[in-house]
Amino acid sequence: MPQDEAAASENPYLIAQTGPRQGERWLLQRDQFLIGRGAECDIAIPDRQISRHHVRLLRMPEGIVVEDLGSKNGTHVNGARISEPTLLQDGDIIQVAFSLELMFVAYDATLPLEGTGFGRQVRLRMDARSHQVWVRGEELAPPLSAPQYRLLEALYRQPSRVVPREEVVAQVWPDVAGDGVSEQAVDALVRRLRDRLAEVDPAHQYVLTVRGHGFRLDNPVESKV
């Protein structure tokens with residue numbers, strides 16, 4: 001792969017968690033990325049709760065920093081309103097006013113290169129507030145059990161990354177010591193989650209086992225006819 005393409009593939013990106021653009025992704029390739037109501041913004045949301053220039057993301061030597069631009073309704077990171085530039089960590093949730101939630105993904109080497117500021121619809125989507133899950137536009141009903149949801153969320157928040165078993169255990173069973181959860185229990189939970197997702201999309205296996213390492217979510221972009 002040419003050096004410039006390799007560098008582009010390492011760009012972080014945002015993925016919309018809520019709202020009418022849920023599931024869309026935007027690469028953070030430039031030094032500055034603007035979000036607001038104005039049509040000139042990289043993500044333009046025509047909602048009166050959002051200021052014309054609401055928030056921006058800046059590429060700094062230490063990473064990606066998010067900065068509220070004096071908006072009326074504020075910007076939150078992981079539920080806390082920010083008043084100064086804040087360094088983002090992989091998986092952080094940015095809330096723009098009360099209208100839009102974006103997940104920050106620090107690195108995804110498998111993300112297709114489509115240029116700056118593109119939006120793409122993935123097959124599987126989650127809403128962290130309502131715990132709803134959609135597969136190819138169809139909501140899972142009945143909802144996933146709490147352990148199934150926590151397992152899927154652990155993988156969904158880290159697209160294409162292999163999540164180690166130990167990390168899965170810590171996120172699914174936070175009150176149980178690692179030695180208290182057997183490999184058989186983890187594998188059984190993975191099978192049950194696969195079965196639930198297959199109820200809607202039996203042709204694709206979303207949760208992959210990487211032997212000796214852990215699990216990975218294969219969440220392809222939905223093709224458009």
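Which backbone oxygen lies 3.0 Å from a polar atom of the side chain of H204? In this predicted model, residues are numbered from 1 along each chain as its sequence is written, and side-chain values rest on heavy atoms, with hydrogens and water left out. Local features require pLDDT of at least 70 and side-chain atom pairs count only at pLDDT 80 or more, whereas totals for chains, interfaces and linings use all residues.

The oxygen in question belongs to the backbone of D218. A polar contact is a pair of N or O atoms within 3.5 Å; within protein, one must be able to donate a hydrogen and the other to accept it, and residues adjacent in sequence count only if both atoms are side-chain atoms. H204 is placed in the loop between α4 (183-198) and β16 (207-210). Helices (H or I, at least four residues) and strands (E, at least two) are DSSP runs, numbered from the N terminus. Because its relative accessibility is 18%, H204 counts as buried; buried means under 20% relative accessible area, exposed over 50%, and partly exposed in between (1.4 Å probe, protein chains only). When residues up to four places away in sequence are not counted, H204 touches R123, D218 and P220, where contact means heavy atoms within 4.5 Å.

Helix packing was examined next. Two packed helices are described by the angle between their axes and the distance between the axes. The axes of α2 (residues 146-156) and α4 come within 10 Å and cross at roughly 85°. Axes are lines fitted to C-alpha atoms, for helices over the stretch in contact, and angles run from 0 to 180 degrees between N-to-C directions. The two helices, α2 and α4, are therefore roughly perpendicular to each other (under 35 degrees is roughly parallel, over 145 roughly antiparallel, 65 to 115 roughly perpendicular and the rest oblique). On α2 the contact is made by P147, Q148, L151 and L152, and on α4 by L189, V190, R192, L193 and R196.

For α2 and α3 (residues 165-172), the axes come within 9 Å and cross at roughly 135°, which makes α2 oblique to α3. P147, R150, L151 and A154 of α2 meet V168, Q171 and V172 of α3 in this contact.

In the protein chain as a whole, there are 4 helices and 17 strands. Of its 225 residues, 46% count as buried. Among contacts with a separation of 6 or more, residues 24 or more positions apart account for 48%.
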